[in-house]
Amino acid sequence: MADTSLSPPVPVAAPDRDAEKERALKRIKRAATLTLLMCIALFIGARLLEPHAPGLVWLAAFAEAAAIGGIADWYAVVALFRRPLGLPIPHTAIIPANQTRIADNLGGFIEANFLAPAPVRAKLGAVDFAAHVADWLADRGRADGLARFMTRMVPQTLDALEESGLPRFLARRARERIEAVEFAPLAAGLLSAFVADRRHQKLFDELITALGRFLNDEAALAALRDKIRAELPTLARYFRADAYLLHKIVAAAGTLLDEVRADPDHKLRHEFDRFAADFVAQLATSPAYAAQAERLKREVLARPELRSLAADLWAGLRRFLLADAGADDSATRRHLTRLLTDIGRQLAQDDAIRADMNQGFVTMLAGFVETQKSGVSAFIADQVKRWDLAQLTRLVELNIGRDLQYIRFNGMIVGGLAGLALHLGEVLVFGN
């Protein structure tokens, strides 16, 4: 807590309505003082006229006790705020003399009663924070303003990310995760779904098409004919058997390919199904395949091109974001605006999400209040201690002084009735 002994007094702000309160306080003070003077005058007059009119003794008893009660209550009310008649009477000017204690008690009272967990949570729970957020975001102008602000922050955000080393950290973590993955079982799982839907038959169709193009390629056929001629005896080459064999092979192969292409239930297709299924099974269980997959993975990860890929991707992304953020018609800003307005509209329609958000707001804000309430209490106490004493007294008197003046009226009435009762007792006991 701050040392208030070195702090100058802080004026207590008095709003314009305090002028009306002050006029009302002055009126009630004058009325109470005039009533007290009337009681004193009535007592004196009754006593003076009592020899001529004995019945005035009752009026004198009432007025005397009323005046005493009024004076006593005047003293009590004045003693709260200042010293009566300026006399150094002990236990007077109570509020100015106890400013520090009042300040500490006020701060503690607010902390214990207004900032307690139950009332704070109840008050926060009555506010639909999520609805306010949804309404704010659903307004396109506000969403666009927020998107513009976020877009302007792109360069600073990118610089902060680079300085934090986050891109390098993510690249390193991605590499570590890739190295930890067993590729053979992963590939087997992907291929099993591929084979289960018979999508591998499309690959088979592409193979058949490629073979068909091969059989129609003159250069390929010439190379195949040369291979056949090299394997034939000299006599067979003399009778051009290579051309005959090549023609038969190409014709037979073309016929077979046409049959396979036209028949989705061809035996060759079933053979390819079995081949694909066996390959997937071996890939999932074979240690040899697993070792080959791991070796291939390490070779790929060790390539320098892959090492610089993450840096190149980040550099490219950074260049794009910086250029787009500075453009008049920023695509990033447009997408952000649309995203924010969509979030606002969907949030307004989703009661469950809003309820969860509101609960989160209540938990967060209530926790914040709980951790800061002692500081609030100390702040209030410190501010009250630094208030100017004269203004502090005036502030309290303006707000409760009018009600205190009614105590003077009540004191005179109660005192007068007590005086009548005492006089009646005197008459009954002593017969005077």
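Visitor: Is Ala-291 buried, partly exposed or exposed?
Guide: This is a predicted model. Ala-291 sits in helix 16, residues 287-302. Its relative accessibility is 39%. Buried needs under 20% and exposed over 50%, so Ala-291 counts as partly exposed.

Visitor: How many Å apart in space are Ala-291 and Glu-182, C-alpha to C-alpha?
Guide: In sequence, 109 residues separate Ala-291 and Glu-182. In space, their C-alpha to C-alpha distance is 9.7 Å.

Visitor: Which side chain of opposite charge is nearest to Asp-324?
Guide: Asp-324 belongs to helix 18, residues 309-325. Asp-324 is buried and has no salt bridge. A salt bridge needs the atoms within 4 Å. The nearest side chain of opposite charge is 6.3 Å away, and belongs to Arg-334.

Visitor: How do helix 6 and helix 7 cross: roughly parallel or roughly perpendicular?
Guide: The axes of helix 6 (residues 129-138) and helix 7 (residues 140-152) come within 5 Å and cross at roughly 85 degrees. Angles of 65 to 115 degrees fall in one class, so helix 6 is, relative to helix 7, roughly perpendicular.

Visitor: Which residues of helix 7 make that contact?
Guide: Helix 6 contributes Asp-135, Trp-136, Leu-137 and Ala-138. From helix 7 come Arg-140, Arg-142, Ala-143 and Leu-146.

Technical notes:
Residues numbered from 1 in each chain as written. Predicted model: local features only at pLDDT ≥ 70, side-chain atom pairs only at ≥ 80, totals over all residues. Heavy atoms only, no water. Helix = DSSP H or I, 4+ residues; strand = E, 2+ residues; numbered from the N terminus. Buried < 20%, exposed > 50% of the residue type's maximum accessible area, 1.4 Å probe, protein only. Lys, Arg positive; Asp, Glu negative; His and termini not counted. Axes fitted to C-alpha atoms, helices over the stretch in contact; angles between N-to-C directions. Parallel < 35°, antiparallel > 145°, perpendicular 65-115°, else oblique. Contact = heavy atoms within 4.5 Å.
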